[in-house]
Amino acid sequence: MASVIDPEVPGAAFDAFLRDAAPSSRGHRAWTPADGAMPALYLSHGAPPLFDDPLWISQLFAWSQALPKPAAILIVSAHWESAPLSLSAPAAGTPLVYDFGGFADRYFRMTYAAPDASALAARVAAAMPDTEPVHQHLSRGLDHGAWVPLKVMYPYGDVPVLQLSMPTHDPARLLELGRRLRPLREEGVLVIGSGFMTHGLPFLTRSAFAGNVVPDWSSDFDQWAADALARGDVDTLADYRNRAPGMPYAHPTVEHYTPLFITLGAAAAPEEPVRTTVEGYQFGLSKRSFQVN
């Protein structure tokens with residue numbers, strides 16, 4: 001029986017989306033200064049199985065269409081941990097990083113030829129203090145924490161996209177990094193922290209992959225995070241190692257959780273409740289995503 005993990009035609013749900021829903025985005029209203037600051041997002045980014053999940057596709061696309069079309073996108077992905085701070089190649093048509101395995105060949109042939117992001121790269125570098133040098137890569141492409149969700153949210157690749165590496169998992173430092181990026185939102189830049197609200201891949205069972213059965217450690221962590229986010233309790237979120245239920249199963253490594261602090265740091269008021277935009281589970285992992293103003 002075909003499923004998201006083993007589709008009869010890989011990417012068929014994405015093909016249907018491109019045919020039926022994506023064309024409506026061609027008239028998407030572009031951001032103007034009158035809109036004020038773009039929000040900042042934390043999204044659970046998925047992997048190639050996102051392209052076989054029509055519900056998740058519809059959720060991400062509806063989210064993007066509810067916002068003005070950004071002037072540019074700056075994304076911090078769980079899949080690029082690098083210090084000092086580094087920026088991906090800004091040239092138009094930057095190649096993709098296919099940092100996954102075991103999926104159909106189709107996903108290794110996908111492209112996302114976004115426009116030149118050199119102007120954004122210069123703005124990001126200028127936003128950093130002298131003590132935080134920024135290395136500009138000339139060949140490093142967009143990894144799947146960036147291009148997989150963006151192919152759904154902005155399917156025609158017509159917004160400049162740049163990745164910023166994640167140099168640490170320290171919440172305080174990431175909050176400060178997000179704060180440095182906050183002024184870019186006033187220029188129409190969509191700042192995104194890209195992770196996955198639970199990511200205990202080594203602990204998933206066959207029932208999770210085949211039937212989306214949700215483990216207790218995943219639902220417990222998700223509800224803990226949802227409660228803290230609804231209260232704007234940044235201190236609790238930052239003390240996740242001691243306070244979060246489901247650890248370390250929900251995050252045996254924490255790179256898919258900590259981009260959340262980039263997003264909160266970029267908020268005008270990090271202690272205000274967030275607006276949840278996506279809920280639910282894929283393979284038992286929480287897709288919880290949100291935006292801040």
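**First stop: a glycine in a loop**

Select G157, which sits in the loop between helix 4 (144-153) and strand 5 (161-163). Helices here are DSSP runs of H or I with at least four residues, strands are DSSP runs of E with at least two, and both are numbered from the N terminus. Before going further: this is a predicted model, where local features need pLDDT of at least 70 and side-chain atom pairs count only at pLDDT 80 or more, while totals for chains, interfaces and linings use all residues. Residues are numbered from 1 along each chain as its sequence is written, and side-chain values use heavy atoms, with hydrogens and water left out.

G157 counts as buried because its relative accessibility is 7%; buried means under 20% relative accessible area, exposed over 50%, and partly exposed in between, with a 1.4 Å probe and protein chains only. Leaving aside residues up to four places away in sequence, G157 touches Y112, A113, A114 and P115, contact being heavy atoms within 4.5 Å.

Pick residues 40-44. This is strand 1, and five of its five residues are buried. A40, Y42 and S44 point one way, L41 and L43 the other. In a regular strand the side chains alternate between the two faces of the sheet.

Which strands pair with strand 1? Strand 6 (residues 189-195) runs parallel to strand 1, joined by five bridges, and there S44 has G195 as its bridge partner. Strand 10 (residues 289-292) runs antiparallel to strand 1, with three bridges; look for A40 opposite V292. Pairing takes at least two DSSP bridges between the strands.

**Then: two helices**

Go to helix 1 (residues 12-20) and colour its buried residues, A13, F14 and F17. They cover an arc of only 100 degrees around the axis, so they lie on the same side of helix 1; the arc is that of the directions from the helix axis to the C-beta atoms. Helix 2 (54-65) and helix 4 are among what covers them.

Helix 7 (residues 216-231) has 16 residues and reaches 23 Å from first C-alpha to last, close to the 22 Å expected at 1.5 Å a residue. That expected span is 1.5 Å times one less than the number of residues. Its buried residues include W217, F221, W224 and L229, and what the buried residues of helix 7 pack against includes helix 8 (234-238), helix 10 (259-265) and strand 10. Just after helix 7, check G232, which has a positive phi of about 65 degrees.

**Last: the salt bridges**

How many salt bridges are there in the whole structure? A search finds 14, each a side-chain nitrogen of Lys or Arg within 4 Å of a carboxyl oxygen of Asp or Glu.

Show R173 and E132, whose side chains meet at 2.8 Å, N to O. R173 is in helix 5 (residues 171-185) and E132 in the loop between helix 3 (118-127) and strand 4 (134-136), so the pair ties together parts 41 residues apart in sequence. E132 is buried at 16% relative accessibility, while R173 is partly exposed at 33%.

Move on to R288 and E279, with closest N and O atoms 3.3 Å apart. Here R288 is buried at 5% and E279 partly exposed at 48%. To finish, select E176, R179 and R180, which are linked in a network of salt bridges.
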